[in-house]
Amino acid sequence: MTELAARAAQEYELLVAVGGDGTVNEVVSGIADVVGPELAIIPRGTGRDFVRTFGIGARFDDAVRTVLEGRVRNIDAGRVTYRAWNGDDRTGWFANIASAGISGAIAQRANDGSKALGGRLSYLGAILAVFARWQVSELEVTVDGVVRSGPMHDVVVANGAYFGGGLRICPDADPADGLLDVLLIGHLTKTDLALTLPKAYRGRHLPHPKAELLRGRRVTVDAVEPVPVELDGEQPGTTPATFEIVPDALRLRVPR
């Protein structure tokens with residue numbers, strides 16, 4: 001789909017992505033470095049997290065109305081270099097949220113599992129199942145020259161506010177400010193997860209004694225043992241990874 005989107009971007013002024021965050025990622029990967037085409041979205045996937053930040057309705061009629069009558073908003077996108085599963089260095093894109101750590105394994109678990117219960121419950125089940133057996137990793141993270149290192153469950157690199165089926169993980173993320181919100185999640189216990197997770201759906205989990213929020217344009221993540229990298233709900237490889245913001249990379253149709 002990425003190649004199809006890249007070809008279409010040369011011919012059409014408006015592209016409509018029908019699907020979930022993975023579909024949006026594939027389309028964005030084809031058009032993010034192309035000047036001109038607008039992107040509209042009809043949400044039809046499991047998580048539907050990207051559209052939440054912009055108030056794009058999950059109801060079909062509301063989404064179509066945005067396609068036909070919405071206004072255009074210039075937003076940023078993220079560009080990533082990472083280690084593919086075959087060992088090659090690769091470059092990818094994300095429109096919403098990328099990460100390094102446990103959330104990559106959670107995304108894979110949710111993608112491989114049943115979607116019968118809907119996005120939120122599918123991701124919640126994946127979170128609980130993966131967390132129960134996850135071993136915390138020693139990570140080194142650099143955000144615009146500021147270095148943090150130590151045991152961490154996850155490094156969330158956010159352009160948008162939501163991921164994981166409705167978790168408002170970086171509630172103040174602004175997809176048009178030219179910055180990435182970087183949430184460092186330390187060594188959580190099961191009690192920490194039980195107390196914090198309900199708050200995260202409402203965006204009220206910060207500040208937290210085992211988390212730190214940084215902002216910057218360039219983020220590098222490395223680990224003693226490689227950890228999964230996640231891009232908009234997909235898991236294409238592992239660390240080492242570098243995440244960079246690309247300002248005004250996309251023209252998105254949002255509700256008036």
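Tutor: Begin with a polar contact. This is a predicted model, and in it the side chain of Ser-99 makes a polar contact of 2.6 Å with the side chain of Glu-230. A second polar contact, of 2.4 Å, joins the side chains of Ser-99 and Ser-103.

Student: Is Ser-99 buried or exposed, and in which strand is it found?

Tutor: Ser-99 counts as buried because its relative accessibility is 0%, and the cut-off for buried is under 20%. Strand E5, residues 97–101, holds Ser-99.

Student: With which residues is Ser-99 in contact, leaving aside its neighbours within four places in sequence?

Tutor: Among them are Asp-154, Val-155, Val-156 and Val-157, together with Pro-228, Val-229 and Glu-230. Gly-104 and Phe-243 are also in contact with Ser-99.

Student: Next, a helix. How do I read which residues of H4 are buried?

Tutor: Start from the general idea: an α-helix has 3.6 residues a turn, so residues three or four places apart point the same way. In helix H4, residues 102–112, the buried residues are Ile-102, Ser-103, Gly-104, Ala-105, Ile-106, Ala-107 and Ala-110.

Student: What do the buried residues of H4 pack against?

Tutor: They pack against strand E5, helix H5 (119–131), strand E8 (154–158), strand E12 (228–231) and strand E13. Take Ala-105 as one case: it is buried, with a relative accessible area of 17%. Beyond residues up to four places away in sequence, Ala-105 touches Val-130, Trp-134, Pro-228 and Gln-235. Ala-105 and Trp-134 are 29 residues apart in sequence, and their C-alpha atoms are 9.1 Å apart in space.

Student: What lines the largest cavity?

Tutor: Its lining has 32 residues, and those nearest its centre are Asp-154, Phe-163, Leu-167, Ile-169 and Ile-185. By class, the lining divides into 18 nonpolar, 8 polar and 6 charged residues. At least two residues each come from H4, H5, strand E9 (180–185) and helix H6 (190–200).

Student: And which residues line the second largest cavity?

Tutor: Gly-19, Gly-20, Asp-21, Val-24, Ile-41, Pro-43, Arg-48, Phe-50 and Val-51 line it. That makes 5 nonpolar, 2 polar and 2 charged residues.

Student: Where does Phe-50 stand in the largest nonpolar core?

Tutor: That core has 26 residues, and Phe-50 is one of those that touch the most other members, along with Val-28, Ile-31, Leu-39, Leu-250 and Leu-252. Elements giving two or more residues to this core include helix H1 (2–9), strand E1 (14–19) and helix H2 (21–31). Strand E13 (234–254) is also among them, and E13 gives the most, with 5 residues.

Student: How does the largest pocket compare by class of lining residue?

Tutor: Its lining has 10 nonpolar residues, 1 polar and no charged. The pocket holds about 160 Å³ of space. H1, E1 and H2 each supply at least two lining residues, and E1 gives the most, with 4. Met-1, Tyr-12 and Thr-23 are among the residues of the lining.

Student: Last, the backbone. What should I look for?

Tutor: Most residues other than glycine have a negative phi, and most peptide bonds are trans. A cis peptide bond joins Leu-206 and Pro-207, with omega about -5°, and Pro-207 is in the loop between H6 and strand E10 (211–216). Another cis peptide bond joins Thr-239 and Pro-240, with omega about 5°; Pro-240 is in E13.

Student: Which residues have a positive phi?

Tutor: Asp-144 is one, at about 50°, and it lies in the loop between strand E6 (137–143) and strand E7 (146–152). Asp-144 is partly exposed, with a relative accessible area of 43%. Asp-248, found in E13, also has a positive phi, near 55°.

Terms used
Residues numbered from 1 in each chain as written. Predicted model: local features only at pLDDT ≥ 70, side-chain atom pairs only at ≥ 80, totals over all residues. Heavy atoms only, no water. Core = buried A, V, L, I, M, F, W, Y, C linked by side-chain atoms within 4.5 Å. Buried < 20%, exposed > 50% of the residue type's maximum accessible area, 1.4 Å probe, protein only. 1 Å grid on protein atoms, 1.4 Å probe; cavity = no way out; pocket = protein on both sides within 12 Å on 5 of 7 lines; lining within 4 Å. Points joined across faces, edges and corners; volume = space filled by probe spheres on them. Nonpolar A, V, L, I, M, F, W, Y, C, P; charged D, E, K, R; others polar. Polar contact = N/O pair within 3.5 Å; in protein donor to acceptor, adjacent residues only side chain to side chain. Contact = heavy atoms within 4.5 Å.
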